[in-house]
Amino acid sequence: MTDLLVKNCMLANNKDPRDILIEGGIIKDISTEIIVEKIPVIDADFHFVTPPFVDSHFHMDATLSYALPRVNKSGTLLEGIKLWGELKPTLTADAIKERALKFCKWAIARGTLAIRSHVDVSGQNLIGVEALLDVKEMMKDFIDIQLVAFPQDGLLRANCLNNLKAALDMGVDVVGGIPHFERTMEEGHESIRILCEIAEKRGLLTDLHCDETDDPMSRHVERLAMETTRLGLNGRVAGSHLTSMHSMDNYYFSKLISMLVEADLNIIANPLINITIQGRQDNYPKRRGLTRIPEQLNAGLKVAFGHDCVMDPWYPLGSHDMLEVAHMALHCCHMTGINEMESCFDAVTINAASVLHLDNYGIKKGSNGDLVVLQCKDKIEAIRLKPARLFVVRRGEVISSTRPVRYELNLRSKKENEDLLFKG
Ligand SMILES: [Zn+2]
């Protein structure tokens with residue numbers, strides 16, 4: 001908890017620069033010019049300053065395990081789950097912890113200071129839970145980690161209700177599930193009922209992998225909305241992926257969307273993963289497989305984006321850059337309107353923070369002194385350039401920094417050597 005003055009910040013809602021004063025880890029003042037003595041000062045140099053990135057969907061127990069024990073040849077979700085099943089019995093808590101800690105450092109350097117990570121509870125043991133609870137505690141001064149008890153192989157299909165409850169008893173924060181991976185639609189529905197009732201009884205948030213499939217008849221989201229409303233969990237439940245919505249009949253969707261609004265269901269799309277995993281069995285034209293993001297936003301639903309995977313059985317790439325995630329969503333969903341582009345930025349910052357129910361988030365007086373200085377001028381340029389994170393500040397302390405990136409051309413005339421490369 002330290003003091004810091006950040007000079008010359010360009011903020012989302014101000015045309016002129018502002019100074020930000022952080023005292024005792026909390027934002028105390030935001031004004032045109034703040035002069036204080038004897039506290040550390042950094043200069044944002046008229047760059048864009050944003051609250052930290054928030055990743056609303058990740059799998060930290062699987063990250064950085066790419067090619068262990070082999071690669072996913074088909075690139076499908078189902079081969080990824082099979083591959084994870086092969087890897088699981090060989091995992092140790094130490095190996096999970098080592099990879100997760102390395103990953104957290106990547107995330108922090110990219111300006112992400114909160115992550116919701118699912119952790120598999122469907123195996124023979126709960127070493128993943130133990131490892132990630134340790135990582136959460138070890139990294140708590142730098143990054144908020146929210147854990148979801150996730151029955152990867154199906155709550156009923158893998159008979160792991162006791163494991164899931166044990167994980168929650170151990171301190172896992174959120175109730176997870178995967179209804180489309182249960183044996184039947186009925187079992188999928190039943191799993192949703194059980195999981196939502198557990199969440200209601202324990203006063204917890206819920207976040208289910210839901211309808212991550214190309215099957216337009218995979219309609220578990222309907223049941224999720226119904227149970228959310230029935231149990232009064234409105235605003236506290238998230239549907240992750242929801243890719244079947246891409247393929248649903250338009251008339252049915254027009255009915256469904258009103259149920260999602262009634263339940264105030266939070267939407268979490270995972271653009272990098274959805275675009276590579278969905279549509280694998282299609283001939284041309286191939287479906288994109290992302291959920292209906294513009295329509296959900298227009299209906300007033302809260303939409304957040306997750307990175308989901310970095311170098312694991314499902315995805316061979318990634319460096320945990322949430323701007324890469326926003327960039328992919330913007331392209332795949334035709335969201336090139338100004339407001340739409342900005343909403344893609346919000347989906348990896350303020351909307352994601354809201355979906356995770358983070359306290360004291362945002363650049364405003366009284367909030368946590370957490371911010372990121374990006375080498376760009378606004379949200380849209382951030383998505384366009386995926387620029388350097390010049391400073392990453394947590395509770396008033398600079399926990400990561402990068403020198404401004406400059407390209408030095410060596411062309412024939414001096415004029416051609418001016419840095420005109422990426423200016424708007
Ligand atoms: Zn996932």
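Visitor: What makes up domain 1 and domain 2 in this chain?

Guide: Happy to show you. In this predicted model, domain 1 takes in 4-51 + 362-401, while domain 2 covers 53-355. Their C-alpha centres lie 30 Å apart.

Visitor: How do you know that domain 1 touches domain 2?

Guide: Residues count as in contact if their C-beta atoms lie within 7 Å. By that test, 15 residues of domain 1 are in contact with 18 residues of domain 2. On the domain 1 side, α13 (379-385), β14 (389-394) and β15 (397-401) each supply at least two residues. Helix α13 gives the most to that side, with four residues. By kind, the residues on the domain 1 side are seven nonpolar, three polar and five charged.

Visitor: Why is the chain called as compact as a globular protein of its length?

Guide: Let me begin with its make-up: the chain has 13 helices and 15 strands. Its radius of gyration is 22 Å, and the globule rule gives 22 Å for 424 residues; the two values are close, so the chain is as compact as a globular protein of that length. Along the principal axes, the C-alpha atoms fill a box of roughly 65 × 45 × 45 Å.

Visitor: What share of the chain is buried?

Guide: A residue is buried if 20 or more other C-beta atoms lie within 10 Å of its own. Of the 424 residues in the chain, 51% are buried. As for contacts between residues at least 6 apart in sequence, 75% join residues at least 24 apart.

Visitor: Why are β5 and β12 said to stand at the edges of the sheet?

Guide: Follow the order of the eight strands, β5-β6-β7-β8-β9-β10-β11-β12, in an open sheet with parallel pairing. Strands β5 (53-59) and β12 (303-305) each have a single partner strand, so one side of each is left without a neighbour in the sheet. From one strand to the next, the twist averages 25°.

Visitor: How do you know that β6 and β7 pair?

Guide: Pairing needs at least two bridges between two strands. Seven bridges join β6 (residues 112-120) to β7 (residues 144-150), so the pair meets that requirement, and the two strands run parallel.

Visitor: Which helix lies across β5, β6, β11 and β12?

Guide: That is α10 (residues 322-332), and the helix runs at about 125° to β12.

Methods: Residues numbered from 1 in each chain as written. Predicted model: local features only at pLDDT ≥ 70, side-chain atom pairs only at ≥ 80, totals over all residues. Axes fitted to C-alpha atoms, helices over the stretch in contact; angles between N-to-C directions. Contact = placed C-beta atoms within 7 Å. Rg over C-alpha atoms; globule rule 2.2 N^0.38 Å. Buried ≥ 20, exposed ≤ 12 C-beta atoms within 10 Å, placed from the backbone. Domains from an automatic or database assignment. Nonpolar A, V, L, I, M, F, W, Y, C, P; charged D, E, K, R; others polar.
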